Amino acid sequence: MASSKSDYWNQYYARPATNARPVPSQFAVFVAGELGGPHRVIEFGCGTGRDSLFFASYGHQVTAIDSSTTAIEHGQALASELGEKVDFIQADVNTPDLPSLITEAGDRTAIYARFFVHAITEEEQGTFLDSAAALTKSGDVMAVEYRTIRDQSGTKETDSHYRRFVNPADFDHAAAQRGFRVQYAVEGFGFAKYKHDDAYVARRLLVRD
Ligand SMILES: C[S@@+](CC[C@H](N)C(=O)[O-])C[C@H]1O[C@@H](n2cnc3c(N)ncnc32)[C@H](O)[C@@H]1O
């Protein structure tokens, strides 16, 4: 295993870049359908930005954040190759005053995080939710998908790395403390299947009070 979380992700994304348009996650397609009109979409833990590029291609104003330098470089190269406008920001979720680095809001904001919540510590989850609250106003939304406590024993396609199997009730409680109310909740297999890894995930759409 890499010596730290950030070493792991930098090595993971150090694969040769491709200029092919990436297939978005099933979750991104679901969320795009729920958003309706154009939003300022802010993705946390974007990796190489496959979902951010997808949201941009549907007319959303997208900011994509990740701590991995290699992931952000690949994402920027891909956006330029594909002619998509995504504002990539290389930053750790712990960066002080992270919200101030993000472009001002249009009308409506959607915070988006897929497979990010389980890749960060519980303390970092608190920081992420604080940033989400700072970046949103009443009626804005947050969409998250993450591995749950029921996923601990399942087959994984990627190498062993930091994963925190999340109790959805704990996440909902932490989100509620920042003013996010669960609007839609579902859990199970089949939402994020990737080869032999059929993760038991939680999906949440939350609305800011
Ligand atoms: C499992 S990947 C998910 C990537 C992408 N969202 C997807 O669904 O394909 C988790 C991502 O979180 C990023 N990450 C982990 N810890 C982070 C932190 N503290 N701050 C910002 N990004 C972080 C990693 O670099 C990695 O790109």
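Me: What should I know about the model before we start?
Reply: This is a predicted model, in which local features need pLDDT of at least 70 and side-chain atom pairs count only at pLDDT 80 or more, while totals for chains, interfaces and linings use all residues. Residues are numbered from 1 along each chain as its sequence is written, and side-chain values use heavy atoms, with hydrogens and water left out.

Me: How many salt bridges are there in the whole structure?
Reply: A search finds 11, a salt bridge being a side-chain nitrogen of Lys or Arg within 4 Å of a carboxyl oxygen of Asp or Glu.

Me: Which residue does D130 pair with?
Reply: D130 forms a salt bridge with R178, at 2.9 Å from N to O. D130 lies in helix α5 (residues 122-135) and R178 in the loop between α6 (168-177) and β6 (180-188), 48 residues apart. Helices (H or I, at least four residues) and strands (E, at least two) are DSSP runs, numbered from the N terminus.

Me: Is R147 buried or exposed?
Reply: R147 is buried, at 4% relative accessibility; buried means under 20% relative accessible area, exposed over 50%, and partly exposed in between (1.4 Å probe, protein chains only). Its salt-bridge partner is D151, with the closest N and O atoms 2.8 Å apart. D151 is buried too, at 1%.

Me: And E187, where does its partner sit?
Reply: E187 in strand β6 pairs with R204 in strand β9 (residues 201-208), 17 residues apart. Their N to O distance is 2.9 Å. E187 is partly exposed at 37%, whereas R204 is buried at 3%.

Me: Which residues are linked in a network?
Reply: Salt bridges link R114, E145 and R203 in a network.
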